[in-house]
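Please consider the following numbered points alongside the sequence and the model.

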Amino acid sequence: MKKFFSKNGIWILFTTVIIAVMLCLLSAFSSSSSFLSNAAGVVTYPFRAAGSAVTGWVSGISDHFSQVDALQEENAQLKKQIAEMEEDVRQSKADSEENQRLRTLLNLRQQRRDFSYEAATIIERSASNWASTLTLGKGTEQDVSVNDCVISAEGYLVGVVTQAGLNWCTVTTVLDPSSQLGALVFRTNEVAVAAGDLSLLGSNRLRLNYLSGQAGLINGDQIVTSGLGGYYPSGLVIGSVEEVRTDNSGLSQYAIIQPKVELASLTEVFVITDFDVVS
Amino acid sequence: MSRHDLIMKWILYSAGALCVVLIQSLILNHIRILSVHPFLIPMLAAIVASFEGPRDGCVFGLIFGVLCDVTTQPPIPCFYTLAFVLIAFLSALVAKNLIAPGFCCSLVVSAMSLLVTQLFYTLIFTYRSIGSTLGILSLMGRELLISLVLSPLLYLLFSRIHRKMKLD
């Protein structure tokens, strides 16, 4: 061991420190992803996409045989849900017409939301148990950039782009312990912060922090993005309240949220590359 | 050992590591037991270093760590570079001074490699005020338990490579 230290150990330590510093500097001086990460992502993209396709094919076959009964039951429930939603659509159409008449009366501008989407397939999931990230097969070539929101086909929030390469990007999901999003309780309009939590990561849940003492949340309350600050669009569904708890100090409350999106079964998502909310 | 054999040995080690990485990403990432999936990556650096000694093991750990850092999204840019060099060094230390390279040594260094990686995560998360102590300890325990079960398979793979190149 002494020979190792005197001959090679110092050089290996020196080289390690130099490489570590270079990696940190490359990451710090790039807005979307470092040159090395970008190059590695581009080179490994075909293999990751192929691997994801194989995994998807295998799980598709196993799902085909194992979930027939569950799918039939889900089909019946969805038909019932569609009927209820059609009724809601009829009601909201009437409400929208009334809204339009009142806006015209008060000379208000039309409120609209213009989103630009880019569809993307998931080519890799995070290997670590300490994070929840997805790698998508779209990048800066398709106008994807850091801080773009990612949603599922149903419009539920999946996460936010935190790294973008030429033809790939990394999404930090809503479950990741480092994720923090401005949120709104849809029923009460209370503003809070939806954050990932390490102790809830395994059970696919997240926390709603900074609730006021008189929050008055109930189970099932829908949580959406607040859009405050203009970084993310407002109204994207994050999940629903499962439980309200008091923190250790006993002074404030927080809620456990069940996300609407099922990350394990996601294969395709949509990146909101641009949005414009006019009100 | 001739130059040709040396190159062949490291090609075989790299191919073995690549196989394990593919199995991790295509299969293990989709399996959840106790809400975690097996995480074999740190054990690669540890087991190879236990067979090859501190110098070669640290160089392998350094290269493997840099590759992991540029192809994944670690919590800090040099996470795996620092972790795997330290893991390789400690594993070589254990193999040289405590337990002779073999099945028991590979179990010990595999557990140590997971603990070092988890310690790195804990330090970073504590600095960023992410996660409670109980949550971190629970995750550490579950990940260690589930991942260690598969370490004998890694030992079998790399010990075979080591023995083959030693005999040749």
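1. Arg48(A) and Glu124(A) form a salt bridge, with 2.6 Å between the closest N and O atoms. The term denotes a side-chain nitrogen of Lys or Arg within 4 Å of a carboxyl oxygen of Asp or Glu. The count between domain 1 and domain 2 of chain A is one salt bridge.

2. The model is predicted: local features need pLDDT of at least 70, side-chain atom pairs count only at pLDDT 80 or more, and totals for chains, interfaces and linings use all residues. Residues are numbered from 1 along each chain as its sequence is written, chains are lettered from A and ligands numbered from 1 in the order in which they are written, and side-chain values use heavy atoms, with hydrogens and water left out.

3. Chain A is divided into domain 1 (2–60) and domain 2 (116–275), with bounds from an automatic or database domain assignment. Eleven residues of domain 1 and 13 residues of domain 2 of chain A take part in the contact (heavy atoms within 4.5 Å). The C-alpha centres of these two domains of chain A are 27 Å apart.

4. On the side of domain 1 of chain A that touches domain 2, three residues are nonpolar, seven polar and one charged. Here Ala, Val, Leu, Ile, Met, Phe, Trp, Tyr, Cys and Pro count as nonpolar, Asp, Glu, Lys and Arg as charged, and the others, Gly among them, as polar.

5. The predictor assigns the complex an ipTM of 0.85 and a pTM of 0.80. Chain B has a mean pLDDT of 91, with 99% of its residues at 70 or more; pLDDT is the predictor's confidence in each residue, from 0 to 100.
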